[in-house]
Amino acid sequence: MNNLTIVTRGLGSHGLYIDATANVASSLSNSSIETFGYSGVGAQVIDNTELTLDNIDITSHGYRSTGIIAAQRGSGLPQTTILTATDIDITMNGKDSIGVENTRSKTYLNDIRLTLRGDNSTAVSVGAYIYEATAHIDNLTAQVSGNNSTGMFLGGSPDIRFNQNSINMTGNNSHGLLVGYQTISSSSALPMVESHIETRDGYAVRTINTDLNLDLTRSTLTGRSGGEAGTAVSVEDNGAYQSGVVNVAANDNSHIFGDAVSRSANATALNIALNGSSTMTGRIVRGYSMALDETSRWNVTGDSDITSLTNTGTVAFTPPGENGVFKTITVGNYLGGGTLIMNTALGDDSSATDKLVVTGDTAGTTRLYVNNFHGSGTTTVNGIEVISVGGQSDGLFTLENRALAGAYEYFLHQDEGDWYLRSALAPEPEPEDPVEPEIPVNDPEEPESPEIPGNDTPVAPPSPAAETEQKPQIYRPEAGAYLANMAAANRLFSHTLKDREGRAQDSSIWLRQQAFRSKSQDGSGQLQMRGNSYVIQGGGELWSGQFSEQDRLGVGIMAGYGYSRGNTQSTKTHYDAKNSLHGYSVGTYATWYQNSESRNGLYIDSWLQYSAFRASVNGDGVASESYNISGLSGSLESGYRQPLHQSANGSLFITPQAQVIWSGIKADPHQEVNGTRVDGSAGTQTRLGLNLSYDTLNAQTRGKQFTVYGEVNWLHNTRNVNATLDNVRVEQAGSRNVGEVKLGLEGQVTDTLTLWTNLAHQVGTKSYCDTSANIGIKYHF
């Protein structure tokens, strides 16, 4: 039969009904069937016969209707009813309807499209009670929008194949796969290949009083509650009937989204296995076992409890989210070999954290990664307990990443079987004293004195203070890198008059280059900083004027470019952090000489400039950080030059000097990837110095003047350059009071060209030092 249009109306009407009366196989193709009325059936094949459907469109409008039924009546009879359906569209509009029903028959479904809109409906039903059925289902798509509905029901012990299928449940309290009965125990096996079950408000898989082996291959289970993450697998009892063992194995890149929950009195009911790059994202509640191979991952979204956890893959706690709720996995026994990823608000001993609680034994080696979640870092005593072991603690946990918070670095310690994070290194074992060899003595041994009961000397218990002794806290090298960038930003474009200009007479343009090499440490002495910097700066006079015949005031503008690169190493952890900075400056300057020709007497120099930098910090094994540093800085310098000795060939001069450099350069507020907030600043620097110079006139160069000089300075900073990481300030040590020695040379090469250079070395306490070389050129108009 083909090319038919069948329409039925009335109670229990059938569009097509095939039974064993004729005892022949039947077929229908390229046709449509539409039923109206209560309990209508689109097509039914029953009792020892075969029906083949191809390219059929079935639409039902009635209550308690069915699209296709394949059934075998009687008990103990073989499966002799066979249904083969290909390229079928089934639309069920009434409630309490079924798309395809298989009762003790063989059904072969391929390319089936089901749409069910009524409440309490089922897309596909396979099996009945304890009777067997066969269902091979390929390329089926089911869209079920009714409330309290089911995507596919499995009863009895069906032989089922489920390939490249999709079930999507959009109604409330509607489940994707329902296995078992509420009144009788059953057993099922379902291999799902390249198939997907998804709900909006219901379980992806629900089992009742059944054994089930659910094998996923390149397949997905997604269970939601009200559109949010919900339950993917629910294992249940019903009354006196208890669930058997439900094994869910996700293989070959399969994924489970949602919780796996056992509500059964059977403690061994729920078992999960992840293999072949498969994942689960959700909780496990009252699970018996969870096993992951080396390529798979469990994303833990809430508190979980399992009798046995075998982790050769990755168990990762998801971030706490906006509510800041951390999670705990409680297991009986734990076998490692894989990776554990936890979140901790790194702070003091009472900090909130994800946690693994093992009530039994641990074994194997587990790589631990700790992510800081809004922890600001501080000192610890006992530490933050992240792994608790109640039994034999033979398992080894190794911290594989750097646990950073604020300025501190945390390390993993084992203490009496449990594992803690502390902002301190594990103490190094003390060297044992050499044992001197015993010299044998030939004297006869004296008899041992008999023991006197009750004469034992009591041993004093350990001091509680000793047990909680504060360990040295560990600063991370990134703090030093931020500090070095802050110091470089304030140092690069700061200069004295002699750095900027050799001598001032008439209008001029100038250019200077300066290189620095610095070495310093932080206040704790743990962070050793080294750096090299370079600056090029130029400018020129825009205006000059006089207040008398001899004085001169010159006003100009300047601009520069500079960069700095450095490295900070922790002497405790031996981790490194690299810092770099580059940026520009623009500004103005003004210089007044009491005597512009001889430069004797008083001089006053000032400048004001704006600097902007892009800075970066790159620590070992952590994300690179980039941020901005900018601000205004200004200087006021004055000195008085007077001769000590004069002759026809040259003169010796002494110049006491004073300078104040104010810095408003600050780091913009920055938040690291790990959540640490970083900023930094510097203070005001004063300089008191004495310059001794010798001017010489060379007759062969027609009176051109050359000057050599030496200078000593005392530099004082009102506060040390600092970087603040989550309210923990790290300061550059040894730079509060610094001594400086400078040697220089300047001279006229031609009537219009002047060159100058100087070399300076600064020394402070705590190994602080800075060496710089400066060279400049000026052209006079």
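## About the model

Residue numbers start from 1 along each chain as its sequence is written, and side-chain values use heavy atoms, with hydrogens and water left out. Because the model is predicted, local features need pLDDT of at least 70 and side-chain atom pairs count only at pLDDT 80 or more, while totals for chains, interfaces and linings use all residues.

## Two domains

Let's start with the overall layout. The protein is divided into domain 1 (1-171) and domain 2 (484-780), with bounds that come from an automatic or database domain assignment. Their C-alpha centres lie 88 Å apart.

## Two residues with positive phi

Now for two loop residues. E194, found in the loop between β16 (186-193) and β17 (196-201), is not a glycine, yet has a positive phi of about 50°. Strands here are DSSP runs of E with at least two residues, numbered from the N terminus.

H574 sits in the loop between β46 (552-570) and β47 (576-593), and its phi is also positive, near 65°.

How exposed are they? E194 is partly exposed, with a relative accessible area of 31%, while H574 counts as exposed at 54% relative accessibility. Buried means under 20% relative accessible area, exposed over 50%, and partly exposed in between, using a 1.4 Å probe and protein chains only.

Conventions
Helices (H or I, at least four residues) and strands (E, at least two) are DSSP runs, numbered from the N terminus.
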